[in-house]
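Trainee: Could you take me through the labels in this model? I'd like to know what sits behind each one.

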Amino acid sequence: MSRKNVIEVRNVTMRFGGVTAVSELDMDIEQDSIVGLIGPNGAGKTTVFNVLTGFYRPTEGEVVFAGRRITGMEPHKICSLGMARTFQNIRLFYNETALENVMIGRHVRRSGHWWGAVLGLPGTMREEKNIRKSALELLDRVGLAAHAHEAASALPYGAQRRLEIARALATEPSFLLLDEPAAGMNPQESLELMNFIRQIRDEFHLTILLIEHDMKVVMGVCEHIWVLEYGKLIAEGNADAIRSNPRVIEAYLGEDVNHAAD
Ligand SMILES: Nc1ncnc2c1ncn2[C@@H]1O[C@H](COP(=O)(O)OP(=O)(O)O)[C@@H](O)[C@H]1O
Ligand SMILES: [Mg+2]
C-alpha cells in the first residue's frame with residue numbers, strides 16, 4: 001500500500017544570477033519515511049532545503065506541503081504548518097541555556113500576544129510556564145535533561161547537535177529537515193545519531209529528510225535517497241540502487257558509496 005506524500009517538489013529550479021544551484025527538481029516524500037539527499041559539495045543540497053523551508057523563493061516550479069502550495073510563503077508560516085530544520089553549521093544561542101534554546105522553538109506555537117508578556121497578564125504568564133514545562137519534557141525525551149541549565153556553548157559537540165534538533169522539535173513539526181547532522185562527529189557519535197534519528201521519527205511521528213556526507217549514516221537510515229550533482233538529479237532509489245549506480249560512483253569517484261556497506 002502506498003503512503004501519502006508529505007511534500008511534493010515539482011520542477012523546482014533555483015538560479016542565483018548565472019549560477020543554477022538547483023535544476024528542474026522533482027521529489028515526492030512519503031509520510032513517516034526517513035529519506036536522504038546526497039551529492040558532492042556545491043551540488044545544491046542546502047539550496048533545496050532553503051527552497052523547501054521558504055528561505056528562498058524558487059525561480060521556477062512549486063512545492064506542495066501538507067496539501068498546500070507553499071511556494072513563496074514566509075519561513076515562519078511554513079514552520080507553523082509543520083516544517084522544521086537544522087543548519088549545516090550549528091545555529092544555537094550560545095549564551096542561552098539549553099532550556100532557553102528549546103523554549104525559543106516553542107514560542108512558534110504560542111497563542112498569546114507579545115504585549116501580554118510585557119504587561120505580565122495572567123494568561124501569558126501561564127503560557128510561559130507551560131512552554132518552560134514542555135521544553136523541559138522535550139529535553140528529557142532527547143536525553144539532554146542533565147544539560148537543561150547549562151549554556152549551549154558549554155555542551156559537548158554531539159549534544160549541541162542534538163539540542164539543535166530538540167529546538168526544531170519544539171515547533172512540533174511533522175516534517176523535519178536535517179542538514180548534515182553527522183558533520184564533525186566521530187564514528188561512535190554517528191552511530192548514536194542514526195539511532196536517535198530513528199527514535200525521534202517513531203516517537204514524534206515525523207517524516208525526516210536528511211542531507212549527509214557520512215554514507216554509513218545515509219545508507220543505514222534512509223529508505224530512499226536522491227543524488228544531486230551540479231543541481232541536477234542524477235539518481236534516486238534505495239541504498240542498494242544508489243550504491244551500484246555507475247553515475248553515482250562516478251560523481252563520488254567510487255570512494256564513499258562503496259565503503260558505505262562496511
Ligand atoms: N545565496 C546564494 N547566492 C549565490 N549562490 C548561491 C547561494 N546559495 C547557494 N549558492 C550556490 O549554489 C550552489 C549550491 O550550493 P549549496 O546548495 O550550498 O550546495 P551543497 O549544500 O550541496 O554543498 C553553489 O554553487 C553555491 O555557491
Ligand atoms: Mg550544504
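Predicted model: local features only at pLDDT ≥ 70, side-chain atom pairs only at ≥ 80, totals over all residues.

Trainee: What makes helix 3 roughly parallel to helix 6?

Mentor: Helix 3 (residues 98-106) and helix 6 (residues 157-169) pack at an angle of about 30 degrees, and their axes are 7 Å apart. Angles under 35 degrees count as roughly parallel, so that's the label helix 3 gets relative to helix 6. As for handedness, helix 3 passes helix 6 in a right-handed crossing.

Trainee: Which residues make the contact between helix 3 and helix 6?

Mentor: From helix 3 you have Ala98, Asn101, Val102, Gly105 and Arg106, and helix 6 brings Leu163, Ala166, Arg167 and Leu169. Sorted by class, that's 5 nonpolar, 2 polar and 2 charged residues. Gly counts as polar in this scheme, in case you wondered about Gly105 of helix 3.

Trainee: How do you know that helix 3 is mostly covered?

Mentor: Count the buried ones: 7 of the 9 residues in helix 3. They are Ala98, Leu99, Asn101, Val102, Met103, Gly105 and Arg106. The cut-off for buried is under 20% relative accessible area.

Trainee: On to the metal. What coordinates the magnesium ion (ligand 2)?

Mentor: Thr46 through OG1 and Gln88 through OE1, at 2.1 to 2.2 Å. Donors have to be within 2.8 Å of a metal such as this one, so both atoms qualify at 2.1 to 2.2 Å. Water isn't among the atoms, so a site may look incomplete.

Trainee: Why can we say that Thr46 and Gln88 tie parts together?

Mentor: Thr46 is in helix 1 (residues 45-52), while Gln88 is in the loop between strand 6 (83-85) and helix 3, so the pair links parts 42 residues apart in sequence.

Trainee: Why is Ser33 called buried, whereas Glu223 is called partly exposed?

Mentor: Ser33 has a relative accessible area of 1%, and under 20% is buried. Glu223 has 38%, which lies between the 20% and 50% cut-offs, so Glu223 is partly exposed. Ser33 is in the loop between strand 2 (19-30) and strand 3 (34-38). Glu223 is in the loop between helix 8 (215-221) and strand 9 (224-229).

Trainee: How do you know that Ser33 touches Glu223?

Mentor: Contact means heavy atoms within 4.5 Å. Leaving out residues up to four places away in sequence, Ser33 touches Arg3, Arg201, Leu206, Thr207, Ile208 and Glu223. On the same terms, the partners of Glu223 include Ser33, Ile34 and Val35.

Trainee: Why is His205 called exposed, but Asn11 partly exposed?

Mentor: Exposed means over 50%, so His205 at 62% counts as exposed. Asn11 has 37%, so Asn11 stays in the partly exposed class.

Notes:
Residues numbered from 1 in each chain as written. Chains lettered and ligands numbered in written order. Heavy atoms only, no water. Axes fitted to C-alpha atoms, helices over the stretch in contact; angles between N-to-C directions. Helix = DSSP H or I, 4+ residues; strand = E, 2+ residues; numbered from the N terminus. Parallel < 35°, antiparallel > 145°, perpendicular 65-115°, else oblique. Left-handed = near helix turned anticlockwise from the far one by under 90°. Donors = N, O, S within 2.8 Å, 3.2 Å for Na, K, Ca; no water. Buried < 20%, exposed > 50% of the residue type's maximum accessible area, 1.4 Å probe, protein only.
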